[in-house]
Amino acid sequence: MTEQATLGKRARNRLARHSDYLATALRIATEDGLDALTMQRLAAEVDAAIGTVYTYFPSKGALLAEVQREAIDRLIASYAMLRADVDARVADADPAVATVTHLVAFARFNGCQTVRLDDLRPANLKAPLRRALADANDD
């Protein structure tokens, strides 16, 4: 039996509303940016009283933390779906080429239509990615 099936109707409804509020918050942040994501706007878009929204997210900081967690969970899930296929395609490739192939495939899978070579240059990558590429080159 799933965890949600063991919950009562009220708890299931609360989880569904929480998911709706979070999906709406993600949509607002994605379409209009984080500055546009306010508790008032979220309440208006889900057609709820502002006080009701605060029962789900006690502050904007808590809402943003949930939005961030959800976005990270989605990225992790999308990478997990893609990883086995990319691993099979680059099994015999140079480690640096395999790393770049993973980055490009992941970016394209998540909606980035163009990945410029300049975006992949070590100077333009964040420090952990630069270290990963350097480690791959050392092997």
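Colleague: Where does Glu70 sit?

Modeller: Glu70 is in helix α4. Keep in mind that this is a predicted model.

Colleague: And is Glu70 buried or exposed?

Modeller: Glu70 counts as buried, because its relative accessible area is 19% and the cut-off for buried is under 20%.

Colleague: What does Glu70 touch, leaving out residues up to four places away in sequence?

Modeller: Leu22 and Leu26. Both of those leucines are on the list of buried residues in α1.

Colleague: How many residues does α1 have, and what does it span?

Modeller: Helix α1 covers residues 9-32, so 24 residues, at 1.5 Å a residue for the expected span. From first C-alpha to last it reaches 34 Å, close to the 34 Å expected. Just after α1 comes Gly33, with a positive phi of about 95 degrees.

Colleague: Which other residue has a positive phi, though it is not a glycine?

Modeller: Asp47, at about 55 degrees. Asp47 is in the loop between α2 and α3.

Colleague: Is Asp47 buried or exposed?

Modeller: Exposed, because Asp47 has a relative accessible area of 72% and the cut-off for exposed is over 50%.

Colleague: Switching to the loop between α1 and α2: which residue would you point to there?

Modeller: Thr38 lies in that loop. A polar atom of the Thr38 side chain is 2.9 Å from the backbone nitrogen of Arg41.

Colleague: How exposed is Thr38?

Modeller: Partly exposed: the relative accessible area of Thr38 is 26%, which falls between the 20% and 50% cut-offs.

Colleague: What about Thr38 and Leu64, what separates their C-alpha atoms?

Modeller: The C-alpha atoms of Thr38 and Leu64 are separated by 9.9 Å, and the two residues are 26 apart along the chain.

Colleague: Which residues line the largest pocket?

Modeller: The lining is made up of Leu26, Arg27, Ala29, Thr30, Leu34, Val67, Ala71, Arg74 and Leu75.

Colleague: Now α5. What caps its N-terminal end?

Modeller: Asp94 does, with a side-chain oxygen 3.0 Å from the backbone nitrogen of Ala96. Ala96 is itself one of the buried residues of α5, along with Ala98, His102 and Val104.

Colleague: And what does α5 span?

Modeller: Helix α5 runs over residues 95-109, which is 15 residues, and it reaches 21 Å from first C-alpha to last, close to the 21 Å expected.

Colleague: Last bit, the whole chain. How many helices and strands?

Modeller: Six helices and zero strands. Buried residues make up 22% of the 139 residues.

Colleague: What about the accessible surface?

Modeller: The accessible surface of the protein chain is about 9500 Å², and 55% of that belongs to carbon and sulfur atoms.

Colleague: And what share of the contacts with a separation of 6 or more comes from residues 24 or more positions apart?

Modeller: Such residues account for 47% of those contacts in the protein chain.

How values were computed. Residues numbered from 1 in each chain as written. Predicted model: local features only at pLDDT ≥ 70, side-chain atom pairs only at ≥ 80, totals over all residues. Heavy atoms only, no water. Helix = DSSP H or I, 4+ residues; strand = E, 2+ residues; numbered from the N terminus. Buried < 20%, exposed > 50% of the residue type's maximum accessible area, 1.4 Å probe, protein only. Contact = heavy atoms within 4.5 Å. Areas by Shrake-Rupley, 256 points an atom, 1.4 Å probe, with all protein chains shown as cover. Polar contact = N/O pair within 3.5 Å; in protein donor to acceptor, adjacent residues only side chain to side chain. 1 Å grid on protein atoms, 1.4 Å probe; cavity = no way out; pocket = protein on both sides within 12 Å on 5 of 7 lines; lining within 4 Å.
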